[in-house]
Amino acid sequence: MIEPTNNELGWMLDEVLKVPEARHAILLSADGMLRAHSADIGRDDAERLAAGLSGVQSISRSTAEFCGAPNTPWRQTLIEFAQGYVFLVAAGEGAYLAVSTTEHVDMEAVSYRMHKLVDRLGQVLISPARRDTGSPA
């Protein structure tokens, strides 16, 4: 399992940013822990955004019945801002990949790259539930 304090997969996230107008990429767990971040975003910002995007993913999942089936699995969320987009996709059990872009990005190209990255990483992205790692006092 990837420890939350390292950034072993950061170089792979940088690959998604080869799409023109892509800005940042982060990999997060369902509980909001940062798993990895691209080189162009600081760790503190990436951790803060991972926590927020975990909530976005959770809210998105809770609206499945709006599509007609309350138990349908969530796959991705797109958030649009005046200055760009945030793409958030499922990236394995309990893991999510987020990419931010400008408003001029080729949305199809970003989505394609993100899904290819998820395919490439495969089982590495599985994020099991955290266990208590503290030692008894």
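Me: With which side chain does the side chain of Thr-102 make a polar contact?
Reply: With that of Glu-21, at 2.6 Å. Bear in mind that this is a predicted model.

Me: What lies 3.2 Å from a polar atom of the Thr-102 side chain?
Reply: The backbone nitrogen of His-104.

Me: Where is Thr-102 found, then? And is Thr-102 buried or exposed?
Reply: Thr-102 is in strand S5. Its relative accessible area is 11%, so Thr-102 is buried, the limit being under 20%.

Me: What does Thr-102 touch, not counting residues up to four places away in sequence?
Reply: Glu-21, Arg-23, Gln-83, Gly-84 and Tyr-85.

Me: What is the phi of Glu-21?
Reply: Near 80°, which is a positive value in a residue other than glycine. Most residues other than glycine have a negative phi.

Me: What about Thr-101, where does that lie?
Reply: Thr-101 also lies in strand S5. At 1% relative accessibility, Thr-101 counts as buried.

Me: Which residues is Thr-101 in contact with, leaving aside neighbours within four places in sequence?
Reply: The list is Glu-21, Ala-22, Arg-23, Gln-83, Gly-84, Tyr-85, Phe-87 and Val-110.

Me: Another residue of that loop: is Leu-17 buried or exposed?
Reply: Leu-17 has its place in the loop between H1 and S1. It counts as buried because its relative accessibility is 17% and the limit is under 20%.

Me: What is Leu-17 in contact with, neighbours within four places aside?
Reply: Ala-22, Arg-23, His-24, Ala-25, Ser-38, Asp-40 and Val-99.

Me: How are Leu-17 and Ala-39 separated?
Reply: Their C-alpha atoms are 10.0 Å apart, and the two residues are 22 residues apart along the chain.

Me: Changing topic. How much space lies in the largest pocket?
Reply: About 240 Å³. It is lined by 15 residues, and the closest to its centre are Ile-26, Leu-49, Leu-53, Val-86 and Ser-100.

Me: Which elements each supply at least two residues of that lining?
Reply: Strand S1 (22-29), helix H2 (43-61), strand S3 (76-81) and strand S5 (95-102). H2 gives the largest share, five residues.

Me: How do the lining residues divide by type?
Reply: Eleven are nonpolar, three are polar and one is charged.

Me: Now the overall fold. How many helices and strands are there?
Reply: Three helices and five strands. Read along the sequence, the pattern is α-β-β-α-β-β-β-α.

Me: How much of the protein counts as buried?
Reply: 40% of the 137 residues.

Me: And the accessible surface, what does that come to?
Reply: About 8200 Å², with 54% of it belonging to carbon and sulfur atoms.

Me: Last one. Among contacts between residues at least 6 apart in sequence, what share joins residues at least 24 apart?
Reply: The share is 51%.

Key
Residues are numbered from 1 along each chain as its sequence is written. This is a predicted model: local features need pLDDT of at least 70, side-chain atom pairs count only at pLDDT 80 or more; totals for chains, interfaces and linings use all residues. Side-chain values use heavy atoms; hydrogens and water are left out. On a 1 Å grid over the protein atoms alone, a cavity is a set of points where a 1.4 Å probe fits but cannot get out, and a pocket is an open set with protein on both sides within 12 Å along at least five of seven lines; lining residues have an atom within 4 Å of a point. Grid points are joined across faces, edges and corners, and a volume is the space filled by probe spheres set on the points. Helices (H or I, at least four residues) and strands (E, at least two) are DSSP runs, numbered from the N terminus. Ala, Val, Leu, Ile, Met, Phe, Trp, Tyr, Cys and Pro count as nonpolar, Asp, Glu, Lys and Arg as charged, and the others, Gly among them, as polar. Buried means under 20% relative accessible area, exposed over 50%, partly exposed in between (1.4 Å probe, protein chains only). A polar contact is a pair of N or O atoms within 3.5 Å; within protein, one must be able to donate a hydrogen and the other to accept it, and residues adjacent in sequence count only if both atoms are side-chain atoms. Contact means heavy atoms within 4.5 Å. Accessible areas come from the Shrake-Rupley method with a 1.4 Å probe; for residues, only the protein chains shown count as cover.
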